Amino acid sequence: QVGSSVEEGQFIKTSFAYMGTQSQSGFLTLDLMSKKGFGQGLRHSYQFTNASGELSLYRLNDRTIDQNTLTGRFAHSQRLGTVQASISSDFRSNSYLYAPESKSVSNRLTLTRDRDAARTSLALNQLIDNTFTRTSRLTGSLKHRQTLDADSYLDAAFDYTGFDSQ
């Protein structure tokens, strides 16, 4: 890709496949931007019988803020018996789009179990943000629905939120 933008200046962005099979694909990214500098990245995805996911990383020596920026994401989903599990994590450091000299991490875990007359799910989320001050938030949710008959069901839910700021 060749072009220009206000933020990046003139740029050449390339992507090279290093793996391409029926169950996996991988790409290396090399970008040259007249204002931002040189960026390099990796994106790898996979899919198997009971699992799938993706890993991506991108590093840029950003000349406009004189910082190395790093963004990354990991996501994985897998069936474990009767439970569907999903985990993901996002990381951002010194992003010019977000805030220079900042770091943020977002993690999520979800477990879901579906049965004929019941559904149970647990979701945990963690967000740590170190932009101007360090904040941390942890939330959790446990939900259950029990079907009693064709016209009635019982719902139960428990939620948790914890917050810390320094």
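Reply: One term before we start. Strands here are DSSP runs of E, at least two residues long, numbered from the N terminus. Also, this is a predicted model.

Me: Fine. How many residues sit between β10 and β11 in their hairpin?
Reply: Two residues lie between β10 and β11 there. The strands run antiparallel and are joined by 14 bridges. β11 covers residues 152-165.

Me: Which residue in β11 is the bridge partner of Leu138?
Reply: Gly162 is the partner of Leu138.

Me: And how many bridges pair β9 with β10?
Reply: 13 bridges, in the antiparallel sense. β9 spans residues 118-130 and β10 spans 134-149. A hairpin of three residues joins β9 to β10.

Me: What stands opposite Leu122 in β10?
Reply: Leu142 does. Leu122 also turns up among the contacts of Thr110.

Me: Let's do Thr110, then. Where is it?
Reply: Thr110 is in strand β8, residues 103-114.

Me: Is Thr110 buried or exposed?
Reply: Thr110 counts as buried because its relative accessibility is 19%, and the cut-off for buried is under 20%.

Me: What does the Thr110 side chain make a polar contact with?
Reply: With the side chain of Arg108, at 3.4 Å. Leaving aside neighbours within four places in sequence, Thr110 is also in contact with Gln84, Ala85, Ser86, Leu122 and Ala123.

Me: Switching to the surface. Which residues make the nonpolar patch?
Reply: Val2, Ile12, Phe16, Tyr18, Met19, Leu28, Leu30, Leu32 and Phe38. The patch is about 840 Å².

Me: Which strand gives the most to it?
Reply: β2, with four residues. β2 (9-20) and β3 (24-33) each supply at least two.

Me: Last topic, backbone. What is the phi of Asp66?
Reply: It is positive, about 55°, although Asp66 is not a glycine. Most residues other than glycine have a negative phi.

Me: Where does Asp66 lie?
Reply: In the loop between β5 (51-62) and β6 (67-80).

Me: Is Asp66 buried or exposed?
Reply: Asp66 is exposed, because its relative accessible area is 66% and the exposed class starts over 50%.

How values were computed:
Residues are numbered from 1 along each chain as its sequence is written. This is a predicted model: local features need pLDDT of at least 70, side-chain atom pairs count only at pLDDT 80 or more; totals for chains, interfaces and linings use all residues. Side-chain values use heavy atoms; hydrogens and water are left out. Patches are made of residues with over 30% relative accessible area and no salt bridge: like charges are joined within 9 Å, nonpolar side chains (Val, Leu, Ile, Met, Phe, Trp, Tyr) within 5 Å. Accessible areas come from the Shrake-Rupley method with a 1.4 Å probe; for residues, only the protein chains shown count as cover. A salt bridge is a side-chain nitrogen of Lys or Arg within 4 Å of a carboxyl oxygen of Asp or Glu. Buried means under 20% relative accessible area, exposed over 50%, partly exposed in between (1.4 Å probe, protein chains only). A polar contact is a pair of N or O atoms within 3.5 Å; within protein, one must be able to donate a hydrogen and the other to accept it, and residues adjacent in sequence count only if both atoms are side-chain atoms. Contact means heavy atoms within 4.5 Å. Two strands pair if DSSP finds at least two bridges between them.
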